[in-house]
Amino acid sequence: MIDRFYPTNAEFKEREFNGGNIKGVIEKLDYIQGLGMNGIMLTPFYQTNEYHGYHITNYDKVDPHFGTWNDVELLVQEVHKRKMIIVADFVPNHCHISNSLYSDGKHKDWFLYDRKGKVKGFANLDFLPMFNTDSTEFQQFFIERGLKLCKVGFDAIRLDHATGPTYKFWRTFNAALKKQYPNVQIIGEVWGKLDFKPKNPFRYFLNKLRYSTQEARQMEYIGILDGVFDFRYQELICNAVKTNRGIEGNTKLKRLITKHFANYPSDFQLWLFLDNHDLNRFLFECNGDKKLLQEAINYTKQWHKPFLSYYGTEKGMSNKTDIHQMPYGDEQVRKLMIWD
């Protein structure tokens, strides 16, 4: 999270920009690589109404809090100089109400409306109008922005709230980018029931009977995307911790995870993680037990799949308050965090 990773504001301000920027990320690349990491993934860096970057007000400008396009290009170069990869975060499901794509009134068919003619808001938030991703003009606009990320040199693109846009859009987007940049990886965030629409309702129903609901949702994107962030794996690890069954030596957990991985073809990527900006810190789930956190990290690394570590994990970062007490929307950071 660009604003929070290496902030310059000495006093933490929860709902405000705290001063982290792209130059700060560049400054810490050696530190990141020294942890054993071989890549980084950024939160969105476009002009935004919120520090976390997901309320985009302009898809052509870098937010001045974060830097400039020159800073982004330099970051990519410095990452590649270290033989690392870099992943961009892409948000084509919704924008902020102040984005000119919505506010100028010239792209009305780019948005979704209810039966009363009111624009649909992501997570029922009126200030986040949702795009009509089947609009041909909309598709061309976002394909061009995706191609720019590839041209800058990003190795992979994270698709925020991938269950919002239609399968038709993702097929078109994926094909257009792969035509010019065949090696770029398109990885979706497929999580929860919000806006989820099964591609094949009958197969989805059967998969829900055979597997978990989250598993069935992820499996719908086989053949559509290059892979997904593996929320099902995170569920299994988290459940083992919450039920005090432990991780190492847990034969039931190993059996469940092995069976889970077998549900996907070998060329479909599952990116593993223990926590992220929408979830409790995993150390919080471990009740502050750092030994158990390390156990979960070692266990996850053994599967030899992409493994994302959320910034601050290496410093023992945990929740300051329970996630359920926080009144924020679905894509916003829902917790306060402290450093041990």
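Guide: Buried means under 20% relative accessible area, exposed over 50%, and partly exposed in between, with a 1.4 Å probe and protein chains only. Residues are numbered from 1 along each chain as its sequence is written. This is a predicted model, in which local features need pLDDT of at least 70, side-chain atom pairs count only at pLDDT 80 or more, and totals for chains, interfaces and linings use all residues, while side-chain values use heavy atoms, with hydrogens and water left out.

Visitor: Is Cys238 buried or exposed?

Guide: Cys238 has a relative accessible area of 5%, so this residue is buried. Cys95, at 0% relative accessibility, is buried as well.

Visitor: How many disulfides does the structure hold?

Guide: A disulfide is a pair of cysteine sulfur atoms within 2.5 Å. The search of the whole structure returns 0 disulfides. Cys238 takes part in none, and its nearest cysteine sulfur, that of Cys286, is 7.8 Å away.

Visitor: How is the sheet to be read, and in which order do its strands lie?

Guide: Helices (H or I, at least four residues) and strands (E, at least two) are DSSP runs, numbered from the N terminus. Two strands pair if DSSP finds at least two bridges between them. Here 7 strands make an open sheet with parallel pairing, ordered S1-S4-S5-S6-S7-S8-S9. S1 and S9 are the edge strands, each pairing on one side only.

Visitor: Which residues are bridge partners along S6?

Guide: Ala156 has Gln185 in S6 as its bridge partner. Strand S5 (residues 156-159) and strand S6 (residues 185-188) run parallel and are joined by 4 bridges. Between them the chain passes through helix H7 (residues 167-180), and this β-α-β crossover is right-handed. That term applies if, with the strands pointing away from the viewer, the path from the first strand over the helix to the second runs clockwise. S6 also pairs in the parallel sense with strand S7 (residues 227-229), over 2 bridges, and Ile187 stands opposite Gly227 there.

Visitor: What is the volume of the largest pocket, and what lines it?

Guide: On a 1 Å grid over the protein atoms alone, a cavity is a set of points where a 1.4 Å probe fits but cannot get out; a pocket is an open set with protein on both sides within 12 Å along at least five of seven lines, and lining residues have an atom within 4 Å of a point. Grid points are joined across faces, edges and corners, and a volume is the space filled by probe spheres set on the points. The largest pocket has a volume of about 1200 Å³. It is lined by 43 residues, and Met37, Phe307, Leu308, Ser309 and Tyr310 are the closest to its centre. H13 contributes the most, with 6 residues.
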